[in-house]
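Thank you all for coming; I would like to take a few minutes to walk through one structure with you. Please have a look at it first, and then I will go through some parts of it in turn.

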Amino acid sequence: MALSNSSLKKLRQIVGKEHCTIEKEELVCYSYDATGKMYLPDAVIFPESSDDISAILKLANKERFFVIPRGAGSGMTGGSLPVQGGIVLVMKRLNRILEIDRDNLIARVQPGVVTGHFHEAVEKESLFYPPDPASSDFSTLGGNLAECAGGPRAVKYGVTRDYVLGLEAVLPTGDIIKTGVKTVKGVVGYDLTRLLVGSEGTLGIITDMTLRLLPLPESVSTITVIFDKMEAAAQTVSEIIRQGIIPRTIEYMDNASIRCTESYLKIGLPVDAGAMLIIEVDGKENETATEIEVLKSLCMHKGARDVKMAETNAERDDLWKARKAISPALYKYAPDKINEDIVVPRSRIPDMVVKIAELRERSGLTMATFGHAGDGNIHFNVMLDKKNRDELQKAEAAVLEVFEYTLELGGTISGEHGIGITKSSYIKKEIGETELFLMKQIKKVFDPNGILNPGKLFPAE
Ligand code: MLT
Ligand code: ZN
């Protein structure tokens with residue numbers, strides 16, 4: 001399904017010659033994502049509208065070439081990689097916030113808007129869009145929706161799908177559809193909105209989205225809690241949830257993540273700690289103050305060494321800068337690292353961190369664990385050099401063991417990064433035969449010729 005010269009010519013007629021390139025330098029720029037894997041596309045195209053995208057997909061169906069939608073390329077499982085060639089369709093020209101409707105607490109947005117810019121825009125109006133993946137400074141809303149991004153604030157506010165009311169999307173056939181509602185409620189027909197969100201760009205290309213907003217919380221308070229023992233940190237997380245306290249974030253960093261991030265940023269993280277939690281609460285001023293006091297004493301009671309309050313906005317920003325830098329810091333240390341995204345029931349977080357520690361001891365591998373512990377969502381990283389075959393084999397065995405244990409505990413192998421290409425060989429461990437068959441049938445209905453984002457989600461046959 002290589003791109004022919006005549007198809008290229010027609011693509012250029014659709015978007016204009018300057019918006020469709022086959023220059024090697026440009027192809028390279030759109031050939032990789034946060035997995036570090038690289039696949040060169042045949043061309044890169046920058047449409048301006050859903051009509052452009054519809055025309056491109058109609059042509060792809062007729063002339064049979066692959067189309068791979070791409071946001072900012074910050075995905076962690078290869079969702080935007082052209083693994084079987086084809087054209088990468090970059091959404092960056094659809095980058096407008098179309099409407100912020102204060103009266104109805106909704107916004108209409110195009111997919112190329114950077115998530116962090118959207119946060120700023122709604123916060124200026126005293127409104128709040130909670131989903132905040134660690135990549136929010138550069139990732140885009142379209143990519144966030146395609147992957148159903150999570151992030152730290154999911155503990156209290158849920159994930160991206162909980163904020164999507166309706167969509168406009170272009171199907172692989174080129175048909176433009178509108179799904180969902182602009183209202184709080186709506187139950188007419190199957191929920192195509194929910195089907196498209198998290199479908200990893202395999203069912204359609206989102207071109208317009210109606211998002212739900214909340215009033216901006218009046219006050220936010222943040223503490224860091226330092227533990228000598230990581231088990232105590234994990235038990236504290238489970239205890240907070242057991243007591244029915246729901247902070248807006250409970251982030252966990254183990255010693256390896258703390259040390260790696262500190263050597264990357266040098267901002268004074270406690271490198272001798274066994275683990276650290278970043279707990280943030282929001283609400284009315286008096287409520288947050290009380291909640292922080294309760295949390296402080298609970299943490300000390302569960303064995304914390306120290307609890308520090310972020311006294312200023314600058315201090316809080318520094319903390320979040322450190323948290324968001326964990327992933328780049330670990331990549332700098334080990335560019336080939338494996339990063340997993342498991343979720344376990346929150347009462348079982350202590351079991352999982354003990355399991356990972358035992359695995360690290362047994363395998364001799366270097367591991368770093370961090371993540372959204374308040375959701376039970378742990379990013380389990382194996383720091384390895386893939387050229388070392390022995391290390392790679394051990395790491396793959398460790399990943400398998402962690403996945404199997406996750407499922408045994410009643411968890412899931414991916415909370416927010418998706419399946420893409422890196423986890424497709426494991427999907428059958430979690431999804432049953434009948435359910436997988438159903439998913440493949442859905443893909444066929446949406447994409448009869450298999451031209452949209454091939455090679456993702458499903459294991460190779
Ligand atoms: C994060 O929580 O920092 C992101 O999901 C990225 C990562 O897991 O590396
Ligand atoms: Zn994460």
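I will speak about a helix, a metal site, a pocket and one threonine.

Before that, please keep in mind that this is a predicted model, in which local features need pLDDT of at least 70 and side-chain atom pairs count only at pLDDT 80 or more, while totals for chains, interfaces and linings use all residues. Residues are numbered from 1 along each chain as its sequence is written, chains are lettered from A and ligands numbered from 1 in the order in which they are written, and side-chain values use heavy atoms, with hydrogens and water left out.

Let me begin with helix α14, residues 389-408, whose 20 residues reach 29 Å from the first C-alpha to the last, close to the 28 Å expected at 1.5 Å a residue; that expected span is 1.5 Å times one less than the number of residues. Helices here are DSSP runs of H or I with at least four residues, strands are runs of E with at least two, and both are numbered from the N terminus. Among the buried residues of α14 are Leu392, Val399, Phe403 and Tyr405, where buried means under 20% relative accessible area, exposed over 50% and partly exposed in between, with a 1.4 Å probe and protein chains only. Seen down the axis, the buried residues fall within an arc of 165°, so they line one face of the helix, the arc being that of the directions from the helix axis to the C-beta atoms. On the other side of α14, Arg389, Gln393 and Glu408 are exposed.

Turning to the metal, which protein residues are the donors of the zinc ion, ligand 2? They are His372 and His379, each through NE2, and Glu416 through OE, lying 1.9 to 2.1 Å from the ion; donors are N, O and S atoms within 2.8 Å of the metal (3.2 Å for Na, K and Ca), and as water is not among the atoms, sites may look incomplete. Histidine 372 sits in strand β17 and glutamate 416 in the loop between α14 and α15, 44 residues apart, so the pair links distant parts of the chain. Histidine 372 is buried, at 2% relative accessible area, and glutamate 416 also counts as buried, at 11%.Threonine 140, in the loop between β7 and α5, is buried too, at 8% relative accessibility. Lastly, 3 residues of α16 make up the largest share of the lining of the second largest pocket, a pocket being, on a 1 Å grid over the protein atoms alone, an open set of points where a 1.4 Å probe fits, with protein on both sides within 12 Å along at least five of seven lines, and lining residues having an atom within 4 Å of a point.
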